[in-house]
Amino acid sequence: EACSEWSVYLSDVTGNNSTIYRADLDHDNETAALTALKSVDYPVHLAFNETNGLLYLVNSQNGAFQTLVPQVDGALGVVTPLSTPTSNAVAAVFNHEGKLLIGSQNGNKIYNVDASTGARSFFADADVSGGDIAFDADQNLYLATRNNGRLKLVTPGSDNMTVGYVPNLVTGMALLEDGNFIASVNGNTSLITRTTGGDDAGLNYALSLDGAPFTLANGDMASGCSTFTPDPSIQNECYGFEALVYEPGTGNIPAIRMDATESLGAPERDNTNGALNFVSLGFGGTLIIGLEEPGIALPGVNDLEVVETTWNNKTCQNYEERADVYVSQQMVSDASEIDDAQFVYVGQSCTNGAEFDVFEETGFTYFNLVKIVDASPVVGNRDGYDVDGIVTLNGCETLTFEIPGDCYATEVVEYIEGTQLNGNALFNDRIDPEKALGAPARTDVNEFVTLGYGGSVTFTFSGIVPNLSGDDIEVVETSFGNAIGCETYPEYADVYVSNDGVDFHFAKTVCKSDPFVDISDAGPFPFITHVQIVNNDELSTTFDSYDLDGVVALHNCSEEELSDEGVIGGTPGNDQVQINLEVYPNPSNGNGPINVEFVSDKEQLLTVEVIDMSGRTVQGLFNQVANAGQLYRLDFNGSSLPNGVYITKLTSNSEMTIKKVMIAR
């Protein structure tokens with residue numbers, strides 16, 4: 001059957017930098033117009049998977065690969081390392097069974113790679129020397145090699161037969177829809193064509209980029225039928241990264257079903273009889289899964305999917321297996337740091353899984369942990385809920401943390417003037433809310449704002465107020481000589497907090513002798529940005545009610561207190577982000593360097609450091625003025641660090657960006 005959209009792709013490599021292009025071929029005019037899709041900072045060799053419509057970018061340095069949605073600035077997938085690293089990986093193609101073949105100059109071998117796990121096995125000996133590998137329309141594998149410019153037919157277990165010739169500086173080769181091959185050659189300004197016999201197929205496609213002639217460097221080619229239309233939202237999905245807690249419950253759980261890592265990565269969604277792509281919880285069992293990057297929660301759509309495996313596609317009606325699902329914004333390195341009280345229930349899943357609207361159920365804009373607790377009826381010889389995996393339906397994103405706000409409230413967002421107890425207007429010298437900004441006067445002079453009955457005032461701190469251990473806020477009240485205040489001069493106010501300035505949550509009722517507030521009493525929020533003080537009209541009995549002297553963000557008053565508490569909270573998708581930060585390989589086996597790369601949109605002083613999950617700096621990497629637009633590549637050696645999750649923290653004068661990296665030997 002003819003393909004309605006045959007696509008040709010090209011990677012052009014200079015040093016360790018690669019740009020991936022789509023080549024739009026005009027057969028009549030013999031031109032190839034290039035459209036840049038993505039640039040990455042490693043030498044790329046390409047393979048196109050017709051099954052899922054994705055490009056696979058193979059790093060020639062070690063054979064690790066990641067996917068790319070083939071559109072302008074398409075989404076990049078996570079890096080998948082090979083089970084055995086493969087250097088000089090200079091050729092790649094997908095076979096017709098969906099396996100990724102990678103050719104390496106080291107040892108002149110082609111390997112068969114499982115694209116979901118990175119497991120590598122031997123496929124064939126081949127004269128791999130630059131060039132590329134490609135299948136013809138009859139599923140025969142060909143090799144274009146720089147070794148004397150040969151085109152060879154690859155047959156596993158036999159000598160590769162030379163069938164024709166290609167230019168000595170061939171860099172890539174791919175199949176065309178008409179059955180011929182198209183190839184790239186270092187230094188050429190055109191793509192050439194060859195028959196499967198190595199003869200000139202008669203077409204040379206002049207290359208152009210933005211209307212200007214284009215000269216090839218090194219690189220690779222890939223092609224295929226693009227009948228699969230990638231859904232960008234699906235390609236941005238993220239999956240479980242680490243199984244932090246697995247506490248199996250009761251029931252008949254075979255040992256082979258007790259591997260919690262089966263819940264990590266992309267769900268296999270295989271419900272065929274005998275498939276073992278899940279972990280069984282058992283009756284009452286618990287599984288807590290951590291994400292590599294926070295999952296995004298958006299209003300009006302589902303944000304989280306929990307995928308369950310039940311053989312033969314049984315349904316909840318005829319084979320009931322249930323689980324309660326919770327999420328949390330906690331950032332932890334191991335199970336000992338998990339606070340169970342900070343999980344919020346989002347709903348229940350039954351056989352074959354379910355989707356959840358995290359934003360609607362919790363108000364969270366992101367989440368880091370997912371807890372799944374079996375709630376199945378105890379029936380016969382079953383093993384409870386079977387978790388295949390979790391999916392963040394709206395993707396995941398690096399957290400960008402705003403620098404902590406000032407020690408005191410810095411801006412009045414809203415002041416609603418109340419009245420005296422008798423309904424009369426408040427005194428004019430007591431209705432200026434800006435008197436409550438900055439450091440409280442803590443005297444009985446007229447340096448406060450009166451709320452009045454029915455009154456309130458809302459403040460921000462020009463940044464975040466972290467929710468750390470103990471009390472986080474002090475609300476200071478003036479009562480003119482009444483030292484105790486609450487008992488002898490009843491003036492009370494209700495305190496509400498918010499992390500977005502829209503949704504406010506009640507935290508505590510305060511008075512002069514009881515002024516301290518713990519954000520945790522309002523909910524499991526890692527930080528807040530707004531505080532709202534509302535007069536309590538029922539408890540207050542004085543003539544003009546609560547007089548607000550100021551609001552203190554306790555932890556923001558001392559940098560030492562902040563550093564002792566470790567990393568503080570933040571929101572993904574901040575519009576002020578000006579720094580792109582990447583960390584790889586991730587996870588790392590700890591034996592080689594971990595690479596840290598960043599680009600700043602403007603010239604500014606930046607620091608980069610690696611910290612552990614307790615906030616302690618384990619290595620400083622950068623502390624100087626960064627040039628605008630320049631790629632900085634740093635590395636640190638994790639060989640002396642214990643297994644666990646670490647944070648690469650990049651700080652400017654206005655914000656903080658982090659990336660989590662796992663060391664797992």
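Predicted model: local features only at pLDDT ≥ 70, side-chain atom pairs only at ≥ 80, totals over all residues.
## Aromatic pairs

Let's start with the rings. A pair of aromatic rings is described by the distance of the centres and the angle of the planes. The count for this model comes to 12 aromatic pairs. Take Phe278 and Trp311: their ring centres are 6.5 Å apart and the planes meet at 65°, so this pair is edge-to-face. Phe278 sits in the loop between strand E21 (238–247) and strand E22 (279–280), while Trp311 sits in the loop between strand E24 (304–308) and strand E25 (323–328), so the pair ties together parts 33 residues apart in sequence. Phe278 is buried, at 3% relative accessible area, whereas Trp311 counts as partly exposed at 23%.

Tyr496 and Phe506 also make an edge-to-face pair, with 5.5 Å from centre to centre and 65° between the planes. Here the partners come from strands: Tyr496 belongs to strand E35 (residues 493–498) and Phe506 to strand E36 (residues 505–510), 10 residues apart. Both end up partly exposed, Tyr496 at 24% relative accessibility and Phe506 at 40%. Elsewhere, Tyr56, Phe65 and Phe94 form one aromatic cluster.

## Charges over rings

The charged end of Arg120 sits over the ring of Tyr111, 3.8 Å from the ring centre. For Phe343, the residue lying over the face is Lys371, at 4.8 Å from the ring centre.

## The E4-E5-E6 sheet

Strands of a sheet pair through backbone hydrogen bonds, either parallel or antiparallel. In this one, 3 strands line up as E4-E5-E6 in an open sheet with antiparallel pairing. Strand E4 (44–49) and strand E6 (65–68) are the edges: each has a single partner strand, so one side of each has no neighbour in the sheet. On average, neighbouring strands are turned by 30° against each other, ignoring direction.

Zooming in, strand E5 (residues 54–59) pairs with E6 in the antiparallel sense over 4 bridges. Leu55 has Leu68 as its bridge partner in E6. The cluster residue Phe65 falls within the range of strand E6 (65–68), and Tyr56 within that of strand E5 (residues 54–59).

## Lys38, a buried lysine

Lys38 is part of strand E3 (residues 31–40). With a relative accessible area of 18%, Lys38 counts as buried, because the cut-off for that class is under 20%.

What is Lys38 in contact with, leaving aside its neighbours within four places in sequence? The list is Ser18, Thr19, Ile20, Leu68, Asp73, Gly74 and Leu76. Leu68 from that list is also the bridge partner of Leu55.

Terms used:
Residues numbered from 1 in each chain as written. Heavy atoms only, no water. Helix = DSSP H or I, 4+ residues; strand = E, 2+ residues; numbered from the N terminus. Buried < 20%, exposed > 50% of the residue type's maximum accessible area, 1.4 Å probe, protein only. Contact = heavy atoms within 4.5 Å. Phe/Tyr/Trp six-rings, centres within 6.5 Å; stacked < 30°, edge-to-face > 60°. Lys NZ or Arg CZ within 6 Å of the ring centre and 35° of its normal. Pairing = 2+ DSSP bridges. Axes fitted to C-alpha atoms, helices over the stretch in contact; angles between N-to-C directions.
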